[in-house]
Amino acid sequence: MSGVGFGFQKLVTVEAVISSLEGGCIFSGVVADGEKVQVKFTGKNLRPLVGDTFLVKGQLGTYRNKWGKTVPQVDTKVMEPHVQPGELLEPWLKRLHNIGPHRAENLVRA
C-alpha cells in the first residue's frame, strides 16, 4: 500500500492483538460505526491491549491471509492513544466509600 496522505482517519478500538513486536504491531479492531478493520502499525513505543482506543491515520487497503480470506487493513505509522473523558475516573469513584456506582455515574456525567 502506498500513497501520500491519510485515506483513513478514525478511532479504532482494539478487539484482538495479532502481533506485538519491537518494530510495530498488528491488531484487529472495530470503528464506532461497527466496521471491522485490521491495523498494521509500523512504529515503536505503542503496545495495544484489548479495549484500548487509538486515533489511526493511514491508508486503507486489503490484506489476504494464508487461507485466502481478505480483510480491510490500515497501514499506518501514525497512531495516537485516545481516552474518553471520565473513562478512568468513573471506575475509581465507584470503589470509594459512600459514592458507589450510581453517584459515580452522576458525577462523571455532570
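These legends go with close-up views of a predicted model.

View 1. Buried or exposed? With a relative accessible area of 18%, Thr53 comes in under the 20% cut-off, so it counts as buried. Its side chain reaches that of Thr13 through a polar contact of 3.1 Å. Setting aside neighbours within four places in sequence, Thr53 also touches Leu11 and Val12 as well as Thr13. Glu80, Pro81 and His82 complete that contact list.

**View 2. The β4 and β5 pairing.** Next up are β4 and β5, which pair in the antiparallel sense over 10 bridges.

**View 3. β3 alongside β5.** Strand β5 (residues 70–81) also runs parallel to strand β3 (residues 36–42), with 4 bridges joining the two. For a handle on this pairing, pick Val39, whose bridge partner in β5 is Val74.

**View 4. How confident is the model?** Across the protein chain the pLDDT averages 87, and 92% of the residues score at least 70. Among the elements, β3 has the highest mean pLDDT, at 96. Helix α1 (residues 89–95) has the lowest, at 79.

Conventions. Residues numbered from 1 in each chain as written. Predicted model: local features only at pLDDT ≥ 70, side-chain atom pairs only at ≥ 80, totals over all residues. Heavy atoms only, no water. Buried < 20%, exposed > 50% of the residue type's maximum accessible area, 1.4 Å probe, protein only. Polar contact = N/O pair within 3.5 Å; in protein donor to acceptor, adjacent residues only side chain to side chain. Contact = heavy atoms within 4.5 Å. Pairing = 2+ DSSP bridges. pLDDT = per-residue confidence, 0-100.
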